[in-house]
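Hi everyone, thanks for making time.

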Amino acid sequence: MIPRQPYAPTPHSYVPNSTLSATINLDEEVKLADTRTERDLQDSLAEIFSIIVTIDELEKAFLKDAIPEADYTEICERSLKQYKSLVADETVAKAFVGLEEFKAEWELEVPRATERIRVGMPSTALTASSGPATTPSTAGNTSGTLILEATQDFITFLDALRLGLLAKDQLHPLLTDVIQSVNKVTDRDFDNRGKIVQWLIALNQMKATEELSEEQARELELDINSAYQGFKSTLS
C-alpha cells in the first residue's frame, strides 16, 4: 500500500509569519490601484475599451439597418467625441499608446470601430444621402439660411488657412462644420466633395497640436476652394 502524502503543511510544520499575517486582511477589498490618479487612469482606460466595443457594435447594427440613421449618427458622434476627449489627456495617452497597441494588449477584434475612429466621423456625415437626389434649385424648399451657413463655413475655413492656422485642433473642427453644413443643403455629390472627406481623415490622424507644412496647407486650400466651387455649382 502506497503511504499517503500530505498535500498541505501539517499544523506542527507550519510556523505563522506574524509580520505577513498582520498585513493581510481577508475581509478587505483588493485594490487595483493605490492612488486616486491610478484609479482615474484605470477608469479612463476601461471607458475607452467600452467606447471602442460600442462603436464596433453600432457600426454592425447600422449596416444591418437595425438602427435608425439619426440615432446612429447621434450615438456615433457622442462616442467619438468621448474617445477623443479621453485620449487627449496626457496621462491616458501615455498608457493608451495607440489604438493598435491597445487592441493588441486586450485582444480586441474591432475592424469597424477601427475604421470609424480612423475617419473620426459617422459614415452618415461623410457620404451623400442614399435618398432621392435633391438640389436647392429643384427641391424648392431648401432654406436660404442653410445655404448661407454652408457658404460661411467654407469661407471661415479658407480664411483660417490664410491666417496661418495650421494645427489639427484648429482646422479639424472648422472642416467638420463644412461637411456637416454642406450635407444639410444638398444630398448630391459634387466636384471635389471627396477632397473634404480625404482631408478630414488626414487631419484626424494627426496629433492635436501637430501642424500642416506650408506645402500641405497650400494643397489643402486649393482642394477646399475647388470643393467650394463645386458646391456653388449645385446652387445654380
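Let's begin inside helix α2, where the buried residues are S44, I48, I51, I52, I55, D56, L58, E59 and F62. Please keep in mind that this is a predicted model. What lies over those buried positions? The cover for the buried residues of α2 includes α3 (69-87), α4 (90-96), α5 (99-106), α6 (111-119) and α7 (123-126).

Now the helix itself. α2 runs over residues 36-63, and its 28 residues reach 41 Å from first C-alpha to last, close to the 40 Å expected at 1.5 Å a residue. After α2 comes D65, and if you look at its backbone you will find a positive phi, near 60°.

At what angle do α2 and α6 pack? The angle is about 100°, and the axes are 7 Å apart. Angles from 65 to 115 degrees count as roughly perpendicular, so that is how α2 and α6 are arranged relative to each other. On the α2 side, the contact uses I52, I55, D56, E59, K60 and L63, while α6 brings P111, R112, A113, R116 and I117. Sorted by class, this contact of α2 with α6 has six nonpolar and five charged residues, with no polar ones. If you compare with the buried set, I52, I55, D56 and E59 are among the buried residues of α2.

Next, please turn to α9 and α10. Helix α9 covers residues 144-162 and helix α10 covers residues 168-185; they pack at about 155°, with 8 Å between their axes. Because that angle is over the 145 degree cut-off, α9 is roughly antiparallel to α10. And for those who like handedness, the crossing of α9 past α10 is left-handed. The residues in this contact comprise 13 nonpolar, two polar and four charged. Who are they? From α9 we have L146, I147, E149, A150, D153, F154, T156, F157, A160 and L161, and they meet L171, L174, L175, D177, V178, S181, V182, K184 and V185 of α10.

Moving along the chain, we get to α11, residues 193-204. Its 12 residues should span 16 Å at 1.5 Å a residue, and the end C-alpha atoms are 17 Å apart, which agrees. Which residues of α11 are buried? They are R193, I196, V197, W199, L200, I201, L203 and N204. Covering them are helices that include α3, α6, α7, α9, α10 and α12 (214-233).

Buried or exposed? G230 is buried, because its relative accessible area is 4% and buried means under 20%. Leaving out residues up to four places away in sequence, G230 touches F190 and D191.

Let me zoom out to finish. The protein chain has 12 helices and zero strands. Of its 236 residues, 34% count as buried. As for contacts between residues at least 6 apart in sequence, 77% join residues at least 24 apart.

Note on methods:
Residues are numbered from 1 along each chain as its sequence is written. This is a predicted model: local features need pLDDT of at least 70, side-chain atom pairs count only at pLDDT 80 or more; totals for chains, interfaces and linings use all residues. Side-chain values use heavy atoms; hydrogens and water are left out. Axes are lines fitted to C-alpha atoms, for helices over the stretch in contact, and angles run from 0 to 180 degrees between N-to-C directions. Helices (H or I, at least four residues) and strands (E, at least two) are DSSP runs, numbered from the N terminus. Angles under 35 degrees count as roughly parallel, over 145 as roughly antiparallel, 65 to 115 as roughly perpendicular and the rest as oblique. A crossing is left-handed if the near helix is turned anticlockwise from the far one by less than a right angle, and right-handed if clockwise. Contact means heavy atoms within 4.5 Å. Ala, Val, Leu, Ile, Met, Phe, Trp, Tyr, Cys and Pro count as nonpolar, Asp, Glu, Lys and Arg as charged, and the others, Gly among them, as polar. The expected span of a helix is 1.5 Å times one less than its number of residues. Buried means under 20% relative accessible area, exposed over 50%, partly exposed in between (1.4 Å probe, protein chains only).
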